[in-house]
Amino acid sequence: MTFSFFKEFATPSKLKQQGILGMNQRNNMYISRYNPRKLFPLVDNKLKTKEIAEEANLSTPELIGVVNSQHAVKSVDKLIAGLNGFVIKPAKGSGGKGILVITKVEDGRYYKPSGSECSLDDIERHCSNILAGLFSLGGGIDVAVVEALIVFDDSFEGYSFEGVPDVRVIVFKGIPMMAMMRLSTSMSDGKANLHQGAVGVGINITTGEALNAVQYDEVVTHHPDTQKELALLKVPHWEEVIRLAAQCYDISGLGYLGADVVLDRDHGPMLLELNARPGLAIQIANGMGLLPRLQQIEAANTESMDLDQRLAYCKQHFG
């Protein structure tokens, strides 16, 4: 089933028949019920997420440093000195806002994935805007996180344009239940953000193979920039990816969450961030609704399951 069904026949009764989870249902039946608000700061702040992940020995991108005051902005050059590439992001950002990716440094000049140049003044200004809360949730005061650049796995060559693809996995009560890969495009400015024009590819949760692909809610068969056939996409190290996602339930305590995982060429799957309010576009990318799987897990006795048992449940019921 493709998104054409949702678009052409999206009456409430049809959507209900297809098990589509709506925003109000998500908020009232799953987020408010399974995600205690006291735990939100653990995932709304990327630094705190990194801390709890590292305590559990989960792999994350290397932290280079933190710019936590306007006075420290002028010292950012010392943090990035000698690096061939890096990422600067707001600790409390959302939706890919405020992420600056530098993929090449040459003769004191900085280059974005598109090839456009970025000066040190631009970088300092970007850090200053992050600190002022320009990109943070609710506009609150923030800090700028400087991380090592992810070098994406060679198997993704041609599937993403000027950016690192990532995998979003929805985990409910510790069980990975639906996944998609987000592929950057020229339209999304090298960012894996569906609202900005990235391609969302539904992924078989048990095999890591592509199911369906969409861009701006329209079905696509090939990457718009590279013309790579999306049906051929298969995520390597898939067992490690879903295991990492399932472990995020244990470290965060959130019953309903989205885990974003990247695959680094040298380090394998790495946890990028967690989301206590994951979006619903994953249903469009997969061509199926979340609700039947959520209800199935709710009806099952999963509370006593360990990690391996939860992964086995995923394979048995969602293959």
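So, to start us off: which strands does helix 3 (residues 23-34) lie across? Helix 3 lies across strand 8 (166-172) and strand 13 (256-264), and runs at about 80° to strand 13. Contact here means heavy atoms within 4.5 Å. Axes are lines fitted to C-alpha atoms, for helices over the stretch in contact, and angles run from 0 to 180 degrees between N-to-C directions.

Before I go on, some housekeeping. This is a predicted model, where local features need pLDDT of at least 70 and side-chain atom pairs count only at pLDDT 80 or more, while totals for chains, interfaces and linings use all residues. Residues are numbered from 1 along each chain as its sequence is written, and side-chain values use heavy atoms, with hydrogens and water left out.

Okay, the overall picture. The protein has eleven helices and 14 strands; these are DSSP runs numbered from the N terminus, helices being H or I with at least four residues and strands E with at least two. The radius of gyration is 19 Å, close to the 20 Å that the globule rule gives for 319 residues, so the protein is as compact as a globular protein of that length. That radius is taken over C-alpha atoms, and the rule is 2.2 Å times the number of residues to the power 0.38. Along the principal axes, the C-alpha atoms fill a box of roughly 55 × 45 × 35 Å.

Seven strands make an open sheet in the order 12-11-10-9-8-13-14, with antiparallel pairing; two strands pair if DSSP finds at least two bridges between them. Strand 12 (218-219) and strand 14 (268-275) are at the edges with a single partner strand each, so one side of each has no neighbour in the sheet. Inside that order, strand 9 (residues 175-183) and strand 10 (residues 199-203) run antiparallel and are joined by five bridges. If you want a pair to click on, Met181 has Val201 in strand 10 as its bridge partner.

There's also an open sheet of three strands, order 4-5-6, with antiparallel pairing. Its edges are strand 4 (104-106) and strand 6 (117-118), each with a single partner strand, so one side of each is left without a neighbour in the sheet. Three bridges hold strand 4 to strand 5 (residues 109-111), and Glu106 stands opposite Arg109 in strand 5.

On to helix packing. Back at helix 3, its axis comes within 13 Å of the axis of helix 10, crossing at roughly 35°. On the helix 3 side we have Gln25, Tyr30, Arg33 and Tyr34, meeting Leu291, Leu294, Gln295 and Glu298 in helix 10.

Helix 10 (residues 291-299) also packs with helix 11 (residues 307-318): those axes come within 12 Å and cross at roughly 130°. That makes helix 10 oblique to helix 11, since angles under 35 degrees count as roughly parallel, over 145 as roughly antiparallel, 65 to 115 as roughly perpendicular and the rest as oblique. Arg293, Gln296 and Ile297 of helix 10 make the contact with Tyr313, His317 and Phe318 of helix 11.

Gln227 is in the loop between strand 12 and helix 8 (238-252), and has a positive phi of about 65° without being a glycine. His237 is in the loop between strand 12 and helix 8 too, with a positive phi near 55°, again in a residue other than glycine.
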